[in-house]
Amino acid sequence: RAVAELLHGVATSSPDHGSVLYPLHDALLALVEELAADRPQLLVLEDLHWADSATVTALWVLLRRLPRLPVLVVGTCRPWPVSPELAALRTRFDDVSQSVMRLGPLDDEAVEHVVRQRLGQRPGPLLRRRLEGAHGNPFVLTTVLAALQAQGALIADAGSVDLRHDHVVLSAN
């Protein structure tokens, strides 16, 4: 409740809301420490590339206390755009963390797995070629698949799913 009230204070305060941020950081830390005292915790933070400087500061305060807390922090961020604050946090995090995983693009086998999961069949040659444009990015891949489904551009045939011929766009490559 205290965290929610402080967050409301940040949302309704003036642009210079530093007086609310430090109590918010303290309340968030107290909450994490209280939860971790009861049992180990998992804290997942997605899309840190969009984090503002107050969030990055709060995360750094938490990371400094991690060695004495049973908390696993998993953060995701794109390699760009990166604010100077986030770049500094990532450097610090690399120094204190047990493990940092850098994920690359999905390979062809993983792309086929996603297609099978989404569409129930392996991709045909035309669909494979269209999905190369996603460059292994899972978000782009699933977005393209959803758009093709919504457009009625896919047809299932003999154990695979492919683009309908009237939806094939020829390119110079």
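How many salt bridges does a search of the whole structure find? The search finds 4, where a salt bridge is a side-chain nitrogen of Lys or Arg within 4 Å of a carboxyl oxygen of Asp or Glu. Before we go on: this is a predicted model, so local features need pLDDT of at least 70 and side-chain atom pairs count only at pLDDT 80 or more, while totals for chains, interfaces and linings use all residues. Residues are numbered from 1 along each chain as its sequence is written, and side-chain values use heavy atoms, with hydrogens and water left out.

Let's get the layout first. The protein chain has 7 helices and 5 strands, running α-α-β-α-β-α-α-β-α-α-β-β along the sequence. These are DSSP runs numbered from the N terminus: helices are H or I with at least four residues, strands are E with at least two. Of the 173 residues, 28% count as buried; buried means under 20% relative accessible area, exposed over 50%, and partly exposed in between (1.4 Å probe, protein chains only).

Back to the salt bridges. Arginine 68 and glutamate 33 pair up at 3.3 Å, N to O. Arginine 68 sits in the loop between helix H3 (53–65) and strand E2 (71–75), and glutamate 33 in helix H2 (residues 18–38), so the pair ties together parts that are 35 residues apart in sequence. Arginine 68 is exposed at 58% relative accessible area, while glutamate 33 is partly exposed at 22%.

Another bridge joins arginine 128 to glutamate 112 at 2.8 Å, N to O. That pair links distant parts of the chain, with arginine 128 in helix H6 and glutamate 112 in helix H5, 16 residues apart. Glu112, Arg116 and Arg128 are linked in a network of salt bridges. As for arginine 128, 35% relative accessibility makes it partly exposed.

Helix H5 (residues 108–119) also holds glutamate 109, which is exposed with a relative accessible area of 68%.

Leaving aside residues up to four places away in sequence, leucine 145 touches Val114, Val115, Arg118, Leu119, Leu127, Leu131 and Leu154, a contact being heavy atoms within 4.5 Å. Leucine 145 and valine 114 are 31 residues apart in sequence, yet their C-alpha atoms are 9.6 Å apart in space. Across the protein chain, residues 24 or more positions apart account for 61% of the contacts with a separation of 6 or more.
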